[in-house]
Amino acid sequence: MRTDTGQVFKLEDYRPNDYLIPQTNLTFRLSPDATRVIALLTIERRDGVSASAPLVLDGDGLTLKRIEIDGKKVKPSDFLASPDQLTILNPPAAHRFQLLIDTELAPAGNEALMGLYRSNNVYCTQCEAEGFRRITYFLDRPDILSVYTVRIEALRDEAPLLLSNGNPLDRGDLGDGWHYARWHDPFPKPSYLFALVAGDLGQLADSFVTLSGRTVELGIYVEAGKEKLAGYAMDALKRSMKWDEEAFGREYDLDVFNIVAVSDFNMGAMENKGLNIFNDKYVLADRETATDADFANIEAIIAHEYFHNWTGNRITCRDWFQLCLKEGLTVFRDHEFSADQRSRAVKRIAEVRTLRAHQFPEDQGPLAHPVRPRRYREINNFYTATVYEKGSEVVRMIRTILGVDAFRAGMDLYFERHDGDAATIEDFVKVFEDASGRDLSQFALWYHQAGTPNLTISSTYNPAAREFTLEIEQSVPPTPSESRKRLMHIPLAFGLIGAGGKAVEYSGVEGASVEEGVIHVRKRRHMVRFSGVAERPAVSLNRGFSAPVTLSVEQKADDQFFLARHDSDAFSRWQAFNTLLTDALISAFREILGGKQADFAARLTELAGSIAGDETLEPAYRALALALPGEADIARDIGRNIDPDAIYAAREALALAIGAASRDAFSVLYLSLADTGAFSPDAASAGRRALRNTLLDYLSLQPGGAALAAGHFQSATNMTDRAAALAVLAHRHHDSPEAIEALAAFETIYGSDPLVMDKWFQIQASVPGPQTVDTVRALTSHPAFSMGNPNRVRSLIGTFSSANQTGFHRADGEGYRFFSQTVLEVEKRNPQVAARLATALRSWRSLEPSRQAKAKEALLSIANAENLSADLRDIVERTLA
């Protein structure tokens, strides 16, 4: 475990390495405790580099056994070797030479799950971002592209399956129970995309015929006996391959495409060229074990990793500062895929909810950084919502500004110009400028400047002059290391809505560039005047969430109610209702702090009932609309002196009021939405279940609610309904006999299925109230829980710290104390997982003073621990700064 945190990597310090590695030949002789890795590297000195320049290779905890150059043993005086670095002091004078490096590894003891490790008797690799250096000494950086040929040797009984990147070359017997397989990837790739899997796994096989008529063999490898659970993932893969051909003109380029699902994995999945490795959570599914959300996640993540074949693999990033070039772009692509497969409006709302829940707090706290960071100490800590989700929004804004056709032309040019390159953000922006003739220099600030812009907007209508005016002012709040901000180019989609929901026409506009329903906000302040406006409109702003900004709008409540009923833009209609709910909850929060009882206007609760019963809206949309803003969302909008208990009380009071106002109508609708046919994970069926379970949550707060939820649990024919009912019982009636009985029944049925038990842990970890920290502490001793498995840790500790505002932020600080102790325990095994957990305290300064002091104490207890890993120390020190 690396503990050195002194080095800060800066974007401006980038320079190409003196050496290249055009060819890499690897031989693995696998053993749990003593795997030998022989790397034969073709080293090439760059033109103009002095022959005396030393060759410095990265390592991490390596044991060097042998080193040769051009077949001859290297003298000890000619190299320096440590576990973390190998320096060839006197490289050959020749432009090109062969370097052989022999290292020994212990995969079975690798609990950090980086490099080569062993999970449930399966050898597996994870090399992004800097894991390859845990396998052999190498120039472990994204701009070193190499053609890999790999030979894997293993005991046949232990590992009958031997996989690596690219296409298979041959395989055979070695005697004494050993066998081998060779793989070759013809496409140069960086070391972070290297992959190896060896073990005894079952296979689901299929094939796909590409647009040009080539047949690609497909394989999904899972734990033996679970092959049928990979059927949905295979279907999603084939749909992804077809969609990428149609939407982006991208055809798959190898003879095989393999996916392997493993149970111990730090991330969701990894896009290694031709051999994607997945957390089994995002592969295995059927109606009995997976929820509709699980099916949707499998579809999206299978697509995301496949789409990386072009946006990440064929074109990779020059350095880790350009991480958003592959991740943000590929998130945009998988969002578009899911929107086409499902409901575009519902998908867009879900995307924005995720962005606001995870990225907005990041932008507003001590961990804020630009979409392209300028410096880092530990790159693993920059796989963030800013890089992924905000990075996707920046790509979406490019399409909004240029239009669909020019955007596609820019993407085509990007693939043509940079195929085989390690590219930069400047390369990406340039192709769109060249394809469209537009200047995107001001827009590019979205990549370089941290923080969420705010638009303050007011409007006036002059009936005599038939003129409607929008006054728009932009600002970006200060963030760490950036106190002064530059003006952004913000594409603000808008609509002027008149009586009956019809668009209000205008004859002219001045004060800003307005194109295709988008105001291009480029200055500090715009006065945008629309002439020829016959009636005062209600203004619909940031339609489709055209820009990742916050809005401070002077708008009458009447207009918000009007838009919530009539806006033709589905996102903005949802936003209007969500804003009404948020405003009501913040008012109730303040009333509760003042010792009053929350009181909600009948007009608001009536609107909720109206939306629930509106058959012109798809059920999934209605379910999202009725989902109250989360406690963390409300806290973010309040901003400071947060009391989570008061926010929870306000939210519960509003849920109770909405349920009481529409109890009869909700009951009728709830009964009408029951599944009557065979289960299907399709979007329409999932939407009906989502609406029904949302109604169950409201009805559970009414008299007889516990019995209703218990009946829902007992009659459930799929995991979506069963888990939803269990959550309602545990959260709303956690001390009731019905809840206790349902939790016990769930454990009895699914106790041997780790992925389903994760849901059981999650539900209990998210139960509101001060008692939950004791529940979570006790569950860490449950036989199904393991501190060594990232999925188990995230399901229990991650859920408690990030999704339980009242439990985690318990007033006496016990939640923080338990959390800090647990983070340090996890860190001993897996620093990456521990560092990600620690981000749960990123908003500690927004809490009320007493909680704030206790949260700081917990952070300091982590910071002061001995031998802290680079990953965790980086997060904690930035959080405290």
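Axes are lines fitted to C-alpha atoms, for helices over the stretch in contact, with angles from 0 to 180 degrees between N-to-C directions. Helices (H or I, at least four residues) and strands (E, at least two) are DSSP runs, numbered from the N terminus. The model is predicted: local features need pLDDT of at least 70, side-chain atom pairs count only at pLDDT 80 or more, and totals for chains, interfaces and linings use all residues. Residues are numbered from 1 along each chain as its sequence is written, and side-chain values use heavy atoms, leaving out hydrogens and water.

**Helix pair H4 and H5**

- The axes of H4 (residues 344–363) and H5 (residues 385–402) come within 9 Å and cross at roughly 125°.
- H4 and H5 are therefore oblique to each other (under 35 degrees is roughly parallel, over 145 roughly antiparallel, 65 to 115 roughly perpendicular, the rest oblique).
- Contact means heavy atoms within 4.5 Å. On the H4 side, the residues that meet H5 include Arg348, Glu351 and His358. Their H5 counterparts include Glu389, Lys390 and Arg396.
- The residues of this H4–H5 contact divide into two nonpolar, four polar and eight charged.

**Open sheet**

- Five strands form an open sheet in the order E17-E18-E19-E21-E20, with mixed pairing. Two strands pair if DSSP finds at least two bridges between them.
- E17 (202–209) and E20 (269–270) stand at the edges with a single partner strand each, so one side of each has no neighbour in the sheet.
- E19 (residues 256–262) and E21 (residues 275–279) run parallel, joined by five bridges.
- Ile259 stands opposite Asn276 in E21.

**Helix over the sheet**

- H1 (residues 231–248) lies across E17, E18 (215–222) and E19. H1 runs at about 25° to E17.

Notes. Nonpolar A, V, L, I, M, F, W, Y, C, P; charged D, E, K, R; others polar.
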